[in-house]
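User: I'd like to go through this model with you, starting with charged pairs. Can you take me through it step by step?

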Amino acid sequence: INTGILIADSEMNCVMENPAVYQLFNLQAQDKNNALAIILQLLDKQYSEFNRIMCTNQNWKVELCWMQPPFNMKWLRLWIIPVKDKDDKLTQWIFIASDIPRIKHLQQQNEKLTLIEHLTELPNRQYFWNALEGYIDRAMPCYVLCLDIKNFKVVNNEMGHKVGDEVLFLISEHIK
């Protein structure tokens with residue numbers, strides 16, 4: 001199983017973990033409490049609401065970015081599940097972690113495709129409207145530059161869209 005499972009008591013002391021936890025965090029078996037320490041540190045640094053949410057004793061699902069020098073970076077999906085006794089008193093925490101680099105990469109690519117024009121690699125109309133709304137919402141001053149390519153429709157109609165794409169690409173190279 002490639003999913004790391006770690007169980008901690010109510011005081012956040014590691015009770016048990018599976019071998020996948022060691023692989024996920026590049027640890028040795030003798031580093032028993034280090035995986036939990038890494039998880040708690042990442043949660044504390046990346047989620048300011050971490051302590052407040054943990055106090056509610058509710059299920060929580062998050063994504064964490066873990067960087068290990070010099071060049072190791074992983075995206076992790078983490079589920080945090082409280083275990084309570086019959087009196088609704090917290091007894092343990094279950095942490096389930098999985099590596100999600102492929103999913104995260106595809107998500108970032110999709111986000112890029114929705115905001116960047118493929119041919120020119122310049123921000124597109126959607127990016128423009130998102131950015132403009134952000135400036136307006138924050139009452140920040142900004143500049144808007146509009147370029148109109150005279151007779152561009154003629155280039156596309158008479159010389160074809162391939163030539164039109166080349167013209168757009170050349171113009172975008174001068175803008176960058």
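User: What does Arg 77 form a salt bridge with?

Analyst: Arg 77 forms a salt bridge with Glu 63, and their closest N and O atoms lie 3.0 Å apart; a salt bridge here is a side-chain nitrogen of Lys or Arg within 4 Å of a carboxyl oxygen of Asp or Glu. The pair links distant parts of the chain, with Arg 77 in strand E4 (residues 72–84) and Glu 63 in strand E3 (residues 60–68), 14 residues apart. This is a predicted model, in which local features need pLDDT of at least 70 and side-chain atom pairs count only at pLDDT 80 or more, while totals for chains, interfaces and linings use all residues. Residues are numbered from 1 along each chain as its sequence is written, and side-chain values use heavy atoms, with hydrogens and water left out.

User: Is Arg 77 buried or exposed?

Analyst: Arg 77 counts as buried because its relative accessibility is 17%, where buried means under 20% relative accessible area, exposed over 50% and partly exposed in between (1.4 Å probe, protein chains only). Glu 63, with a relative accessible area of 21%, is partly exposed.

User: How many salt bridges does the structure hold?

Analyst: The structure holds two. In one of them Lys 84 pairs with Asp 88, with the closest N and O atoms 3.9 Å apart; Lys 84 is partly exposed at 33% relative accessibility, whereas Asp 88 is exposed, with a relative accessible area of 53%.

User: Changing topic, where is Leu 43, and what is Leu 43 in contact with?

Analyst: Leu 43 sits in helix H2 (residues 34–46); helices (H or I, at least four residues) and strands (E, at least two) are DSSP runs, numbered from the N terminus. Leu 43 is buried, at 0% relative accessibility. Setting aside neighbours within four places in sequence, Leu 43 is in contact (heavy atoms within 4.5 Å) with Phe 50, Trp 60, Val 62, Leu 64, Leu 78 and Ile 80.

User: And which elements give two or more residues to the lining of the largest pocket?

Analyst: Those elements are helix H5 (125–137) and helix H7 (161–175), and H5 supplies the largest share of the lining, six residues. A pocket is an open set of points on a 1 Å grid over the protein atoms alone, where a 1.4 Å probe fits, with protein on both sides within 12 Å along at least five of seven lines, and lining residues have an atom within 4 Å of a point.
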